[in-house]
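Colleague: I've got the two-chain model open and I'd like to go through it with you. Can we start with how the helices pack and then move on to the rest?

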Amino acid sequence: MKVLNEMKLSFPSRSANEAFARTALSAFAAALDPTIEELADMKTAVSEAVTNAIVHGYREGIGTIYIHAKILEKNRIVVRIRDTGCGIENVKQAMEPLYTTGPAGERSGLGFAVMEAFMDKVTVRSRVGRGTSVTLEKTIQSKGAE
Amino acid sequence: MPLKLHAEKNRVTACLMGEIDHHGAGSLREEIDEMLKRVRPDILVLDFRDVTFMDSSGIGLVMGRYRLIREWDGAVEIHNPPPSIKKVMRLAGLDRIASIHSSPPKSGTNQEKMEARV
């Protein structure tokens, strides 16, 4: 599908950048004229993926998080969030709702469940020791209704 | 992350504000827990009226406080979650551990304050 617009971001995996990442994405996605609900869905999904990279991918320290977002034809937005951190040994298990390796009771283990519920498609690629990339895709309905 | 906390009788109310994510959840957790452990209330009210964004870190925040207050058989109430936040809560099944209350906007909303200034 033809790429109509794209942007790339990279930033250190500091938790203060969670808000920056979702705000930047929402500014980029504004061109698609999403509804408030669609925008909230995208921001939440991006926030989950970036938080995963910070909390899990770079659990040992600070690394770089890369975001590559594209707007395709037919109001499709594709956002890839990538880290070069520790990687996930068992992606299927990591994506199970409530599975978490975080501190007891403070991480809900719902990050991937939220991404899957709020986006049309979620693809996770990971290699231990190499890093993880999460690709989020969504078709924005508001303009399609014109 | 701004937070207003107050205790009355057997109830602690935490008015959450702004965006709740992993970055801000830690300090919220500490402040609320400090109050909970001191007061040991029957009910913790988490008011989401002024929350503009929440991801699953907010779910972890509610679940963790629920776990704490259960130590002395207390309960958690969630008040006034905006629609986008209710969506995350519903997905997580938070209604199984906390009652969710929506009420009409209280007096003194921004709209009314603006009108009062005019």
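This is a predicted model: local features need pLDDT of at least 70, side-chain atom pairs count only at pLDDT 80 or more; totals for chains, interfaces and linings use all residues.

Colleague: Are α2(A) and α4(A) roughly parallel or antiparallel?

Modeller: Helix α2 (residues 36–57) and helix α4 (residues 111–118) of chain A have axes 9 Å apart and pack at an angle of about 150°. Angles over 145 degrees count as roughly antiparallel. So the pair α2(A) and α4(A) comes out as roughly antiparallel.

Colleague: Which hand does the crossing of α2(A) and α4(A) have, and which residues of α4(A) are in that contact?

Modeller: The crossing of α2(A) and α4(A) is left-handed. On the α2(A) side you'll find D41(A), T44(A), A45(A), E48(A), A49(A) and N52(A), and what they meet in α4(A) is G111(A), F112(A), V114(A), M115(A) and F118(A).

Colleague: How does the contact of α2(A) with α4(A) split by class?

Modeller: Charged residues number 2 in the contact of α2(A) with α4(A).

Colleague: How many residues of α4(A) are buried, and what covers them?

Modeller: Helix α4(A) is mostly covered, with 6 of its 8 residues buried. Those are G111(A), F112(A), A113(A), V114(A), M115(A) and F118(A). The cover includes α2, α3 (91–94), β4 (121–127) and β5 (131–139) of chain A, together with α2 (56–69) and α3 (83–92) of chain B.

Colleague: Is A45(A) buried or exposed?

Modeller: A45(A) sits in helix α2 of chain A. Setting aside neighbours within four places in sequence, A45(A) is in contact with M115(A), M119(A) and L136(A). Its relative accessibility is 0%, and the cut-off is under 20%, so A45(A) counts as buried.

Colleague: At roughly what angle do α1(A) and α2(A) cross, and with which hand?

Modeller: The axes of α1(A) and α2(A) come within 9 Å and cross at roughly 145°. As for the hand, α1(A) passes α2(A) in a right-handed crossing.

Colleague: Which residues of α1(A) make that contact, and how many nonpolar residues does it have?

Modeller: From α1(A) come E18(A), A21(A), R22(A), L25(A), S26(A) and A29(A). Their partners in α2(A) include L39(A), M42(A), V46(A), V50(A) and I54(A). By class, the contact of α1(A) with α2(A) has 3 charged, 3 polar and 8 nonpolar residues.

Colleague: Is N17(A) buried or exposed?

Modeller: N17(A) lies in helix α1 (residues 17–29) of chain A. Not counting residues up to four places away in sequence, N17(A) touches F11(A) and P12(A). With a relative accessible area of 17%, against a cut-off of under 20%, N17(A) is therefore buried.

Colleague: Over to the interface: how much area is buried between chain B and chain A?

Modeller: The size of an interface is often given as the accessible area lost when the parts come together. Here 21 residues of chain B are in contact with 26 residues of chain A. Carbon and sulfur atoms give 55% of the area buried between the chains, which is about 1,900 Å².

Colleague: Which three residues supply more than any other three of the area that chain B buries against chain A?

Modeller: That trio supplies 29% of the area that chain B buries against chain A. The residues are H22(B), K87(B) and L91(B).

Colleague: What pattern does chain B follow along the sequence?

Modeller: Chain B has 4 helices and 5 strands. Buried residues make up 47% of its 118 residues. Read along the sequence, the pattern is β-β-α-β-α-β-α-β-α.

Colleague: What are the phi values of R40(B) and D73(B)?

Modeller: Most residues other than glycine have a negative phi. R40(B), in the loop between α1 (22–39) and β3 (43–54) of chain B, has a positive phi. D73(B), in the loop between α2 and β4 (75–79) of chain B, also has a positive phi. The values are near 45° for R40(B) and near 65° for D73(B).

Colleague: Is D73(B) buried or exposed?

Modeller: The cut-off for exposed is over 50%. D73(B) has 63% relative accessibility, so D73(B) counts as exposed.

Definitions and conventions: Residues are numbered from 1 along each chain as its sequence is written. Chains are lettered from A and ligands numbered from 1 in the order in which they are written. Side-chain values use heavy atoms; hydrogens and water are left out. Helices (H or I, at least four residues) and strands (E, at least two) are DSSP runs, numbered from the N terminus. Buried means under 20% relative accessible area, exposed over 50%, partly exposed in between (1.4 Å probe, protein chains only). Contact means heavy atoms within 4.5 Å. Axes are lines fitted to C-alpha atoms, for helices over the stretch in contact, and angles run from 0 to 180 degrees between N-to-C directions. Angles under 35 degrees count as roughly parallel, over 145 as roughly antiparallel, 65 to 115 as roughly perpendicular and the rest as oblique. A crossing is left-handed if the near helix is turned anticlockwise from the far one by less than a right angle, and right-handed if clockwise. Ala, Val, Leu, Ile, Met, Phe, Trp, Tyr, Cys and Pro count as nonpolar, Asp, Glu, Lys and Arg as charged, and the others, Gly among them, as polar. Buried area is the accessible area (1.4 Å probe) that two parts lose on being put together, summed over both.
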